[in-house]
Amino acid sequence: MKKTEAELLENQWDVENMEVDPEVLAKYVRYDVDEERAVATITFDRPERLNAIPVAAFERVGDLVREAETDDRVKVIVFKGEGDHFGTGADASELGHYIGYKSGTDKASRRRPAQRQRILPDRNVLSSGFTRPIIESLKATICQVQGYCYGGHFQIALSADIVIASPDAKFTHPAFRYLGPAPQDMYHWIEKVGLTTMKDVMLTMRAIGAEEGERKGLVTKVVERDELGRWVDDYADAIAVMPLDSLMMGKSMMQVVMEARGKGLGAMTGWIGHGWATNVSFEEGDWNFLKERHGKGVAQALADRDRLVAPYFRLSDSRSREA
């Protein structure tokens with residue numbers, strides 16, 4: 001039987017501090033098909049953790065997209081999150097461990113992971129594993145976004161065809177806060193929000209609000225939260241009227257143009273450059289996420305980091321000015 005990336009990487013990353021049980025991952029990332037409406041739904045179901053999911057669960061996301069793509073009953077793939085938020089990316093408790101940092105105090109545990117350990121999970125799980133299947137899906141993809149859309153969930157929104165968001169939706173990648181202006185998929189950043197906004201967000205580490213996202217081209221439509229599900233259903237139903245052949249041929253032609261505009265190279269900036277970000281050198285006086293997390297825990301460390309900047313730049317629920 002073909003091994004999962006989680007199984008292949010078990011000797012590369014610190015599996016003891018990660019969740020890789022397929023049954024648990026399936027609980028956090030649910031999959032349903034409505035054959036009558038030609039819609040597959042991928043639901044993030046961990047609301048008590050703001051829908052943050054284990055790193056290995058992102059491989060499941062990609063596998064489900066591939067499954068839907070080959071299912072002739074499906075024309076539209078919808079991503080949604082249970083509770084108040086779409087999702088906050090990978091479980092922060094696994095950050096560091098997924099590239100090989102150990103939790104022990106012995107010499108072997110304290111050894112800095114090699115670049116090959118950083119490259120493989122970034123490429124095979126957090127790039128090729130889930131964003132690439134979404135970007136290259138020949139079925140239509142829709143994100144239903146409320147509240148936080150951070151990290152890996154933001155990568156899903158960047159990769160999707162259509163994003164319907166409630167007014168309280170906020171979009172960014174917390175890696176900017178952990179590690180500074182860390183490399184991401186530069187192609188999709190620039191295509192979706194433009195170079196000026198990309199620099200603004202990466203350098204200040206702020207989030208993009210729903211209305212700003214709509215103006216910049218990241219968000220397709222902003223609707224009230226109580227209307228969010230209806231609008232997503234309406235979009236899915238409108239797309240499902242299209243013949244499956246026409247839909248998949250149209251998406252194929254879009255892929256050709258995207259490749260000509262630099263999609264492939266842009267994606268590589270994410271997984272190659274991410275190794276730099278996870279190997280950043282902190283100077284005296286720099287805010288060090290790994291150090292702060294070790295002493296205070298993830299939640300307190302990030303809360304303290306938010307307080308270092310004005311409310312407009314915070315990732316928490318503090319009221320911020322709309323850009």
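Colleague: Which side chain meets that of E82 in a salt bridge?

Modeller: This is a predicted model, in which local features need pLDDT of at least 70, side-chain atom pairs count only at pLDDT 80 or more, and totals for chains, interfaces and linings use all residues. Residues are numbered from 1 along each chain as its sequence is written, and side-chain values use heavy atoms, with hydrogens and water left out. A salt bridge requires a side-chain nitrogen of Lys or Arg within 4 Å of a carboxyl oxygen of Asp or Glu. At 2.6 Å, N to O, the partner of E82 is R30.

Colleague: Is K263 buried or exposed?

Modeller: K263 forms a salt bridge with E136, with the closest N and O atoms 2.9 Å apart. K263 lies in helix α14 and E136 in the loop between α6 (131–135) and β4 (140–145), so the pair ties together parts 127 residues apart in sequence. Buried means under 20% relative accessible area, exposed over 50%, and partly exposed in between (1.4 Å probe, protein chains only). E136 is partly exposed at 26%, whereas K263, at 5% relative accessibility, counts as buried.

Note on methods
Helix = DSSP H or I, 4+ residues; strand = E, 2+ residues; numbered from the N terminus.
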